[in-house]
Amino acid sequence: MNNAQLRVRIDSLQASHTQDGTLNVSGQCSFKYYDRSGYKVRPLRFQAYGEAAVALNNGGVGAVHVVSGRLNIFKPNDNNPNHQMLLTVERTVVVGGQPTSGYTQVIPVVPAAPVGAAAGVGANISVPIPVASNGKATAEYSEIPF
């Protein structure tokens, strides 16, 4: 068993579920390496389970990931005359590729003050939440009450 950290591009992707209900993703990826004559691209089979499989599946075909996992190398046999490699992805981070349409924009919700608060019973006062340019709520540390 060899540990490997690679930057890969997903070329093909097949998703299924195990009997436990865990997502199982397998397919073909490719990575770039340097040889004496320059850069070369090598295909590599991969598989992933659980959280890594969800991230790979959400990224889709064409996405670029930085993956960390186990690289298994199998000896040649009668059916496969060359060594075979299988990368079992344990962790992954999407770093580029095609955007998917499955993502939704985060819209901040302004909560109402609880009934019976310091403003009085029945007062309907809303507390604004500062919003950054990326749509996520930000916190002002000077306003934290501790």
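How much accessible surface does the protein have, and what share of that surface belongs to carbon and sulfur atoms? The accessible surface comes to about 10,700 Å², of which 52% belongs to carbon and sulfur atoms, with areas taken from the Shrake-Rupley method with a 1.4 Å probe, where for residues only the protein chains shown count as cover. This is a predicted model, in which local features need pLDDT of at least 70 and side-chain atom pairs count only at pLDDT 80 or more, while totals for chains, interfaces and linings use all residues. Residues are numbered from 1 along each chain as its sequence is written, and side-chain values use heavy atoms, with hydrogens and water left out.

**Overall make-up**
- The protein has 1 helix and 5 strands, these being DSSP runs numbered from the N terminus (helices H or I, at least four residues; strands E, at least two), and their order along the sequence is β-β-β-α-β-β.
- Of the 146 residues, 22% count as buried, that is, under 20% relative accessible area with a 1.4 Å probe and protein chains only.
- Among contacts (heavy atoms within 4.5 Å) between residues at least 6 apart in sequence, 50% join residues at least 24 apart.

**Strands β1 and β2**
- Strand β1 (residues 2-17) runs antiparallel to strand β2 (residues 23-35), and 9 bridges join them, where pairing requires that DSSP finds at least two bridges.
- S12 has Q28 in β2 as its bridge partner.
- The two strands form a hairpin with 5 residues between them, and G21 in the turn has a positive phi of about 100°.

**Strands β2 and β3**
- β2 is joined by 12 bridges to strand β3 (residues 38-49), and these two run antiparallel.
- A hairpin of 2 residues links β2 to β3, and Y33 has K40 in β3 as its bridge partner.

Terms used: Buried means under 20% relative accessible area, exposed over 50%, partly exposed in between (1.4 Å probe, protein chains only).
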